[in-house]
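This report is for a reader meeting the structure for the first time. Please look over the sequence and the model before reading on.

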Amino acid sequence: MAQPVIVSAARTAIGTARRGTLAQTAAEDLATAILVETVRRSGLDPERVDDVILAESLYGGGDLARYAAVVAGMTGVPGLAVNRHCTGSLSSIGLAAAGVASGMEKVVVAGGVQASSLMPRLTRRVPGTVDQVEPWYPGTHPNTAEAPNTDMSITVGWNTAREFGLSREDMDAWALRSHRRAVAAIDAGRFTDEIVPITVSTPDGSVVEFAVDEHPRRDTSVERLAALPVLHPEIEGFSITAGNASGTNDAAAAVTVAGADQGLEALATVRAWTSVGVDPRRTGAGALAAITKVLDRAGLTTRDVTRWEINEAFASVPVAACRHFGLDEDTVNFSGSGCSLGHPIAASGARMVTTLVYELRRAGGGVGVAAMCAGGGQGGALVLEV
(Lines give C-alpha, C1' and ligand atoms only; values in the text may rest on other atoms or scores of the structure.)
Protein backbone atom coordinates (compact mmCIF):
# COMPACT_ATOMS: atom_id res chain seq x y z
CA MET A 1 0.00 0.00 0.00
CA ALA A 2 1.18 3.53 -0.77
CA GLN A 3 1.72 5.85 2.21
CA PRO A 4 -0.52 8.93 1.79
CA VAL A 5 1.24 12.25 2.40
CA ILE A 6 0.15 15.88 2.22
CA VAL A 7 2.23 17.77 -0.33
CA SER A 8 0.42 21.12 -0.19
CA ALA A 9 -2.14 22.84 2.03
CA ALA A 10 -3.91 26.16 1.75
CA ARG A 11 -6.97 28.04 2.92
CA THR A 12 -8.65 31.35 2.38
CA ALA A 13 -9.00 33.81 5.20
CA ILE A 14 -12.26 33.28 7.09
CA GLY A 15 -15.03 35.82 6.58
CA THR A 16 -17.95 36.68 8.82
CA ALA A 17 -21.12 35.58 7.04
CA ARG A 18 -23.57 38.06 5.52
CA ARG A 19 -21.80 41.21 6.67
CA GLY A 20 -18.17 40.25 6.10
CA THR A 21 -15.73 40.54 3.23
CA LEU A 22 -16.82 37.29 1.52
CA ALA A 23 -20.54 38.05 1.70
CA GLN A 24 -20.71 38.54 -2.09
CA THR A 25 -18.38 35.67 -3.03
CA ALA A 26 -20.02 32.57 -4.50
CA ALA A 27 -19.11 29.09 -3.33
CA GLU A 28 -18.01 28.27 -6.88
CA ASP A 29 -15.47 31.11 -6.79
CA LEU A 30 -14.12 30.01 -3.41
CA ALA A 31 -13.83 26.44 -4.68
CA THR A 32 -11.95 27.49 -7.82
CA ALA A 33 -9.56 29.76 -5.92
CA ILE A 34 -8.61 27.11 -3.39
CA LEU A 35 -8.22 24.36 -6.02
CA VAL A 36 -5.93 26.47 -8.20
CA GLU A 37 -3.74 27.54 -5.28
CA THR A 38 -3.50 24.10 -3.68
CA VAL A 39 -2.36 22.56 -6.97
CA ARG A 40 0.07 25.43 -7.58
CA ARG A 41 1.66 24.96 -4.16
CA SER A 42 2.16 21.26 -4.81
CA GLY A 43 4.29 22.03 -7.87
CA LEU A 44 2.33 19.41 -9.80
CA ASP A 45 1.23 19.52 -13.40
CA PRO A 46 -2.57 19.72 -13.00
CA GLU A 47 -2.88 16.77 -15.40
CA ARG A 48 -1.39 14.54 -12.69
CA VAL A 49 -4.38 15.13 -10.40
CA ASP A 50 -6.66 12.09 -10.39
CA ASP A 51 -9.62 13.60 -8.53
CA VAL A 52 -10.93 16.60 -6.61
CA ILE A 53 -13.06 15.97 -3.51
CA LEU A 54 -14.71 18.97 -1.87
CA ALA A 55 -17.16 18.99 1.01
CA GLU A 56 -20.19 21.26 0.91
CA SER A 57 -22.95 21.73 3.48
CA LEU A 58 -26.42 23.27 3.31
CA TYR A 59 -25.62 24.33 -0.24
CA GLY A 60 -28.53 22.71 -2.04
CA GLY A 61 -26.73 20.22 -4.25
CA GLY A 62 -24.55 20.47 -7.32
CA ASP A 63 -20.88 19.50 -7.43
CA LEU A 64 -18.50 22.30 -6.50
CA ALA A 65 -15.46 20.09 -7.01
CA ARG A 66 -16.25 19.38 -10.64
CA TYR A 67 -17.27 23.00 -11.23
CA ALA A 68 -13.92 24.24 -9.93
CA ALA A 69 -12.00 21.68 -11.98
CA VAL A 70 -13.67 22.85 -15.17
CA VAL A 71 -13.09 26.54 -14.45
CA ALA A 72 -9.46 25.79 -13.55
CA GLY A 73 -8.96 24.14 -16.94
CA MET A 74 -8.68 20.67 -15.39
CA THR A 75 -11.45 19.21 -17.54
CA GLY A 76 -9.95 15.72 -17.41
CA VAL A 77 -10.30 15.63 -13.62
CA PRO A 78 -13.64 14.52 -12.13
CA GLY A 79 -15.08 16.01 -8.96
CA LEU A 80 -16.81 14.53 -5.94
CA ALA A 81 -19.14 16.41 -3.57
CA VAL A 82 -19.13 15.21 0.06
CA ASN A 83 -21.67 16.16 2.72
CA ARG A 84 -21.05 15.11 6.29
CA HIS A 85 -21.76 18.61 7.56
CA CYS A 86 -19.03 19.79 9.98
CA THR A 87 -16.78 16.79 9.37
CA GLY A 88 -17.22 16.91 5.59
CA SER A 89 -13.75 18.11 4.66
CA LEU A 90 -12.09 15.74 7.15
CA SER A 91 -13.97 12.97 5.34
CA SER A 92 -12.81 14.39 2.00
CA ILE A 93 -9.19 14.13 3.09
CA GLY A 94 -9.80 10.64 4.46
CA LEU A 95 -11.31 9.56 1.13
CA ALA A 96 -8.30 11.02 -0.70
CA ALA A 97 -5.90 9.20 1.63
CA ALA A 98 -7.80 5.94 1.18
CA GLY A 99 -7.70 6.25 -2.60
CA VAL A 100 -3.96 6.88 -2.52
CA ALA A 101 -3.27 4.12 0.01
CA SER A 102 -5.18 1.60 -2.12
CA GLY A 103 -3.13 2.51 -5.19
CA MET A 104 -6.23 3.46 -7.16
CA GLU A 105 -5.28 7.15 -7.06
CA LYS A 106 -1.88 8.85 -7.17
CA VAL A 107 -2.79 12.48 -6.43
CA VAL A 108 -6.05 13.88 -5.03
CA VAL A 109 -6.99 17.40 -3.96
CA ALA A 110 -9.40 17.33 -1.00
CA GLY A 111 -11.03 19.94 1.20
CA GLY A 112 -14.23 21.88 1.61
CA VAL A 113 -16.08 25.08 0.81
CA GLN A 114 -18.63 27.07 2.81
CA ALA A 115 -20.42 30.16 1.49
CA SER A 116 -22.89 30.68 4.32
CA SER A 117 -23.59 34.23 3.15
CA LEU A 118 -25.12 32.94 -0.07
CA MET A 119 -26.66 29.74 1.29
CA PRO A 120 -29.79 28.95 -0.75
CA ARG A 121 -33.19 29.04 0.88
CA LEU A 122 -34.86 25.71 0.16
CA THR A 123 -38.53 24.93 -0.26
CA ARG A 124 -40.60 21.81 -0.84
CA ARG A 125 -44.15 21.11 -1.97
CA VAL A 126 -46.63 21.08 0.89
CA PRO A 127 -47.91 17.49 1.24
CA GLY A 128 -51.46 17.13 -0.06
CA THR A 129 -51.23 20.12 -2.39
CA VAL A 130 -50.40 20.46 -6.06
CA ASP A 131 -48.28 23.60 -6.19
CA GLN A 132 -48.16 25.13 -2.71
CA VAL A 133 -44.63 25.29 -1.27
CA GLU A 134 -43.19 25.82 2.18
CA PRO A 135 -39.71 26.58 3.54
CA TRP A 136 -37.69 23.41 4.03
CA TYR A 137 -34.55 22.64 5.99
CA PRO A 138 -32.79 19.31 5.31
CA GLY A 139 -32.30 17.84 8.76
CA THR A 140 -29.52 15.47 9.75
CA HIS A 141 -31.65 13.44 12.16
CA PRO A 142 -35.25 13.14 13.35
CA ASN A 143 -36.28 16.30 15.16
CA THR A 144 -36.84 15.89 18.91
CA ALA A 145 -37.08 18.27 21.87
CA GLU A 146 -33.91 16.75 23.35
CA ALA A 147 -31.98 17.08 20.08
CA PRO A 148 -33.51 19.65 17.71
CA ASN A 149 -32.10 19.22 14.21
CA THR A 150 -32.19 22.97 13.59
CA ASP A 151 -30.79 24.19 16.92
CA MET A 152 -27.28 23.01 17.68
CA SER A 153 -27.07 25.26 20.75
CA ILE A 154 -29.18 22.58 22.45
CA THR A 155 -28.14 19.46 20.54
CA VAL A 156 -24.42 20.15 20.81
CA GLY A 157 -23.63 23.05 23.13
CA TRP A 158 -26.05 22.53 26.01
CA ASN A 159 -26.23 18.75 25.95
CA THR A 160 -22.43 18.50 26.03
CA ALA A 161 -22.16 21.01 28.87
CA ARG A 162 -24.69 19.03 30.92
CA GLU A 163 -23.14 15.64 30.21
CA PHE A 164 -19.66 16.76 31.27
CA GLY A 165 -20.70 19.12 34.07
CA LEU A 166 -19.40 22.32 32.47
CA SER A 167 -20.33 25.77 33.77
CA ARG A 168 -20.86 28.88 31.74
CA GLU A 169 -17.68 30.26 33.28
CA ASP A 170 -15.74 27.24 31.96
CA MET A 171 -16.99 27.83 28.44
CA ASP A 172 -16.64 31.63 28.49
CA ALA A 173 -13.05 31.29 29.70
CA TRP A 174 -12.27 28.95 26.81
CA ALA A 175 -13.90 31.30 24.31
CA LEU A 176 -11.94 34.27 25.63
CA ARG A 177 -8.68 32.38 25.31
CA SER A 178 -9.67 31.32 21.78
CA HIS A 179 -10.02 34.97 20.73
CA ARG A 180 -6.76 35.96 22.39
CA ARG A 181 -4.91 33.09 20.72
CA ALA A 182 -6.36 33.88 17.30
CA VAL A 183 -5.48 37.56 17.58
CA ALA A 184 -1.96 36.69 18.73
CA ALA A 185 -1.55 34.31 15.78
CA ILE A 186 -2.72 36.98 13.33
CA ASP A 187 -0.42 39.63 14.83
CA ALA A 188 2.55 37.24 14.74
CA GLY A 189 1.88 36.36 11.10
CA ARG A 190 1.44 32.67 11.87
CA PHE A 191 -1.39 32.29 9.37
CA THR A 192 0.36 34.13 6.53
CA ASP A 193 1.86 31.03 4.91
CA GLU A 194 -1.33 28.99 4.99
CA ILE A 195 -3.67 31.70 3.65
CA VAL A 196 -4.09 32.35 -0.06
CA PRO A 197 -5.09 35.99 -0.63
CA ILE A 198 -8.10 36.34 -2.91
CA THR A 199 -9.53 39.40 -4.64
CA VAL A 200 -13.24 39.87 -3.94
CA SER A 201 -16.05 42.38 -4.28
CA THR A 202 -17.35 43.55 -0.91
CA PRO A 203 -20.93 44.46 0.07
CA ASP A 204 -20.18 48.17 -0.40
CA GLY A 205 -19.07 47.56 -4.00
CA SER A 206 -15.34 47.96 -3.50
CA VAL A 207 -12.76 45.40 -4.65
CA VAL A 208 -10.25 44.29 -2.05
CA GLU A 209 -7.64 41.62 -1.40
CA PHE A 210 -8.82 39.43 1.45
CA ALA A 211 -6.01 37.75 3.37
CA VAL A 212 -6.66 38.16 7.12
CA ASP A 213 -9.26 36.34 9.23
CA GLU A 214 -11.84 38.92 10.22
CA HIS A 215 -13.97 37.11 12.81
CA PRO A 216 -11.76 37.23 15.98
CA ARG A 217 -12.67 40.03 18.38
CA ARG A 218 -9.85 42.03 19.89
CA ASP A 219 -12.16 43.78 22.32
CA THR A 220 -13.73 40.74 23.93
CA SER A 221 -13.31 40.26 27.68
CA VAL A 222 -14.61 38.25 30.60
CA GLU A 223 -17.09 41.01 31.31
CA ARG A 224 -18.36 41.26 27.74
CA LEU A 225 -18.83 37.50 27.48
CA ALA A 226 -20.60 37.34 30.86
CA ALA A 227 -23.01 40.08 29.80
CA LEU A 228 -24.29 38.21 26.74
CA PRO A 229 -27.78 36.73 27.11
CA VAL A 230 -28.21 32.97 26.95
CA LEU A 231 -29.82 31.67 23.77
CA HIS A 232 -32.64 29.87 25.59
CA PRO A 233 -33.63 31.73 28.76
CA GLU A 234 -36.74 29.55 29.03
CA ILE A 235 -34.53 26.51 29.79
CA GLU A 236 -33.47 26.44 33.43
CA GLY A 237 -29.72 26.78 33.82
CA PHE A 238 -29.06 27.17 30.09
CA SER A 239 -25.50 28.43 29.60
CA ILE A 240 -24.91 28.69 25.85
CA THR A 241 -24.48 32.18 24.40
CA ALA A 242 -23.30 33.67 21.13
CA GLY A 243 -19.96 34.20 22.89
CA ASN A 244 -19.19 30.57 23.71
CA ALA A 245 -20.50 29.33 20.37
CA SER A 246 -18.88 29.47 16.94
CA GLY A 247 -19.66 32.06 14.32
CA THR A 248 -21.38 31.68 10.97
CA ASN A 249 -18.69 32.01 8.35
CA ASP A 250 -17.42 31.80 4.78
CA ALA A 251 -14.14 30.15 3.67
CA ALA A 252 -12.49 27.37 1.69
CA ALA A 253 -9.55 25.09 2.47
CA ALA A 254 -7.86 22.13 0.77
CA VAL A 255 -4.81 19.88 0.76
CA THR A 256 -3.14 17.80 -1.93
CA VAL A 257 -2.75 14.16 -0.93
CA ALA A 258 -0.30 12.00 -2.89
CA GLY A 259 1.54 8.74 -2.50
CA ALA A 260 4.93 8.97 -0.83
CA ASP A 261 6.26 7.17 -3.91
CA GLN A 262 5.36 10.06 -6.24
CA GLY A 263 8.62 11.92 -5.70
CA LEU A 264 7.03 15.01 -4.13
CA GLU A 265 8.14 16.86 -1.01
CA ALA A 266 5.90 15.75 1.86
CA LEU A 267 4.72 18.36 4.33
CA ALA A 268 3.05 15.75 6.54
CA THR A 269 2.13 12.07 6.59
CA VAL A 270 -1.51 11.04 7.01
CA ARG A 271 -1.49 8.32 9.68
CA ALA A 272 -5.16 7.58 10.27
CA TRP A 273 -8.68 8.90 9.76
CA THR A 274 -12.15 7.92 10.93
CA SER A 275 -15.81 8.83 11.25
CA VAL A 276 -18.19 7.74 14.01
CA GLY A 277 -21.84 7.89 14.96
CA VAL A 278 -23.39 8.58 18.39
CA ASP A 279 -26.89 9.25 19.66
CA PRO A 280 -27.95 12.66 18.22
CA ARG A 281 -28.52 13.89 21.78
CA ARG A 282 -24.76 13.38 22.32
CA THR A 283 -23.59 14.98 19.10
CA GLY A 284 -20.86 16.98 20.86
CA ALA A 285 -19.44 13.74 22.26
CA GLY A 286 -18.97 12.57 18.66
CA ALA A 287 -15.65 14.40 18.64
CA LEU A 288 -14.49 12.45 21.70
CA ALA A 289 -15.60 9.13 20.23
CA ALA A 290 -13.73 9.94 17.03
CA ILE A 291 -10.54 10.77 18.96
CA THR A 292 -10.66 7.44 20.75
CA LYS A 293 -11.19 5.53 17.52
CA VAL A 294 -8.63 7.35 15.39
CA LEU A 295 -5.87 7.01 18.00
CA ASP A 296 -6.60 3.29 18.17
CA ARG A 297 -6.38 3.08 14.38
CA ALA A 298 -3.05 4.91 14.45
CA GLY A 299 -1.66 2.83 17.32
CA LEU A 300 -1.14 5.96 19.43
CA THR A 301 -2.23 7.39 22.77
CA THR A 302 -3.04 10.96 23.77
CA ARG A 303 0.50 11.25 25.18
CA ASP A 304 1.90 10.89 21.65
CA VAL A 305 0.08 13.99 20.34
CA THR A 306 1.93 17.30 20.05
CA ARG A 307 -0.90 19.53 18.80
CA TRP A 308 -4.68 19.18 18.85
CA GLU A 309 -7.32 20.93 16.75
CA ILE A 310 -10.70 20.22 18.38
CA ASN A 311 -13.33 22.32 16.67
CA GLU A 312 -15.13 24.89 18.75
CA ALA A 313 -18.56 24.48 17.23
CA PHE A 314 -19.32 25.27 20.86
CA ALA A 315 -16.70 25.81 23.55
CA SER A 316 -18.22 22.93 25.49
CA VAL A 317 -16.75 20.40 23.03
CA PRO A 318 -13.00 21.08 23.47
CA VAL A 319 -13.45 21.72 27.21
CA ALA A 320 -15.17 18.33 27.53
CA ALA A 321 -12.42 16.67 25.48
CA CYS A 322 -9.67 18.16 27.62
CA ARG A 323 -11.31 16.93 30.80
CA HIS A 324 -12.24 13.53 29.44
CA PHE A 325 -8.76 12.75 28.08
CA GLY A 326 -6.71 14.82 30.53
CA LEU A 327 -5.24 16.96 27.74
CA ASP A 328 -2.87 19.86 28.30
CA GLU A 329 -5.03 22.82 27.25
CA ASP A 330 -1.95 24.65 25.96
CA THR A 331 -1.69 22.07 23.16
CA VAL A 332 -5.32 22.41 22.06
CA ASN A 333 -6.37 25.01 19.46
CA PHE A 334 -3.03 26.77 19.76
CA SER A 335 -4.10 29.58 17.43
CA GLY A 336 -7.84 29.74 18.11
CA SER A 337 -10.76 27.87 16.58
CA GLY A 338 -14.50 28.18 15.97
CA CYS A 339 -15.34 30.63 18.75
CA SER A 340 -12.76 33.09 17.43
CA LEU A 341 -11.68 32.24 13.87
CA GLY A 342 -15.19 31.04 13.03
CA HIS A 343 -16.69 27.81 11.78
CA PRO A 344 -17.15 27.69 7.98
CA ILE A 345 -18.92 24.35 8.27
CA ALA A 346 -17.78 22.32 5.26
CA ALA A 347 -14.33 23.95 5.23
CA SER A 348 -13.48 23.74 8.94
CA GLY A 349 -11.94 20.26 8.90
CA ALA A 350 -9.56 21.10 6.07
CA ARG A 351 -8.80 24.45 7.73
CA MET A 352 -7.84 22.58 10.91
CA VAL A 353 -5.62 20.13 9.01
CA THR A 354 -3.95 23.00 7.13
CA THR A 355 -3.25 24.87 10.36
CA LEU A 356 -1.89 21.69 11.99
CA VAL A 357 0.53 21.12 9.12
CA TYR A 358 1.99 24.62 9.41
CA GLU A 359 1.96 24.65 13.24
CA LEU A 360 3.80 21.34 13.47
CA ARG A 361 6.38 22.36 10.90
CA ARG A 362 7.10 25.53 12.88
CA ALA A 363 7.35 23.44 16.05
CA GLY A 364 9.92 21.13 14.46
CA GLY A 365 7.56 18.20 13.90
CA GLY A 366 5.28 15.93 15.87
CA VAL A 367 1.86 14.30 15.75
CA GLY A 368 -1.30 16.32 15.25
CA VAL A 369 -4.95 15.35 15.63
CA ALA A 370 -7.91 17.19 14.12
CA ALA A 371 -11.30 16.24 15.55
CA MET A 372 -14.84 17.55 15.47
CA CYS A 373 -18.47 16.66 15.96
CA ALA A 374 -21.08 16.92 13.21
CA GLY A 375 -24.83 17.25 12.93
CA GLY A 376 -26.95 14.17 13.39
CA GLY A 377 -24.78 12.56 16.06
CA GLN A 378 -21.53 12.19 14.14
CA GLY A 379 -17.84 12.79 14.68
CA GLY A 380 -14.66 12.69 12.65
CA ALA A 381 -10.92 12.78 13.29
CA LEU A 382 -7.63 12.58 11.41
CA VAL A 383 -4.05 11.96 12.56
CA LEU A 384 -1.08 13.44 10.74
CA GLU A 385 2.62 13.56 11.49
CA VAL A 386 5.32 16.01 10.50
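## Basis of the report

This is a predicted model, in which local features need pLDDT of at least 70 and side-chain atom pairs count only at pLDDT 80 or more, while totals for chains, interfaces and linings use all residues. Residues are numbered from 1 along each chain as its sequence is written, and side-chain values use heavy atoms, with hydrogens and water left out.

## Salt bridges

Side chains of opposite charge can pair when their charged atoms come close. The whole structure contains 19 salt bridges (a side-chain nitrogen of Lys or Arg within 4 Å of a carboxyl oxygen of Asp or Glu). One network of salt bridges links Arg11, Glu194 and Asp213.

Asp296 and Arg297 also form a salt bridge, at 3.3 Å from N to O. Asp296 is exposed, at 54% relative accessible area (exposed is over 50%, buried under 20% and partly exposed in between, with a 1.4 Å probe and protein chains only).

## A pair within helix 1

Glu37 and Arg41 form a salt bridge whose closest N and O atoms are 2.7 Å apart. The two residues lie four apart in helix 1 (residues 27–42), so about one helical turn separates them. Helices here are DSSP runs of H or I with at least four residues, strands are runs of E with at least two, and both are numbered from the N terminus.

Glu37 is buried, with 11% relative accessible area, whereas Arg41 is partly exposed at 23%.

## A pair between two strands

In the salt bridge of Arg124 with Glu134, the closest N and O atoms are 3.2 Å apart. This pair links distant parts of the chain, ten residues apart: Arg124 belongs to strand 6 (residues 123–125) and Glu134 to strand 7 (residues 133–135). Arg124 is partly exposed at 43% relative accessible area, and Glu134 is partly exposed at 25%.

## Packing of helix 3 and helix 9

Helix 3 (residues 88–102) packs against helix 9 (residues 345–362) at an angle of about 60 degrees, with the axes 5 Å apart. Axes are lines fitted to C-alpha atoms over the stretch in contact, and angles run from 0 to 180 degrees between N-to-C directions. The two helices are therefore oblique to each other (under 35 degrees is roughly parallel, over 145 roughly antiparallel, 65 to 115 roughly perpendicular and the rest oblique).

Helix 3 makes the contact (heavy atoms within 4.5 Å) through Ser89, Leu90 and Ile93, and helix 9 through Ala346, Ala347, Ser348, Gly349, Ala350 and Val353. By class, six residues in this contact are nonpolar, three are polar and none is charged. Ala, Val, Leu, Ile, Met, Phe, Trp, Tyr, Cys and Pro count as nonpolar, Asp, Glu, Lys and Arg as charged, and the others, Gly among them, as polar.
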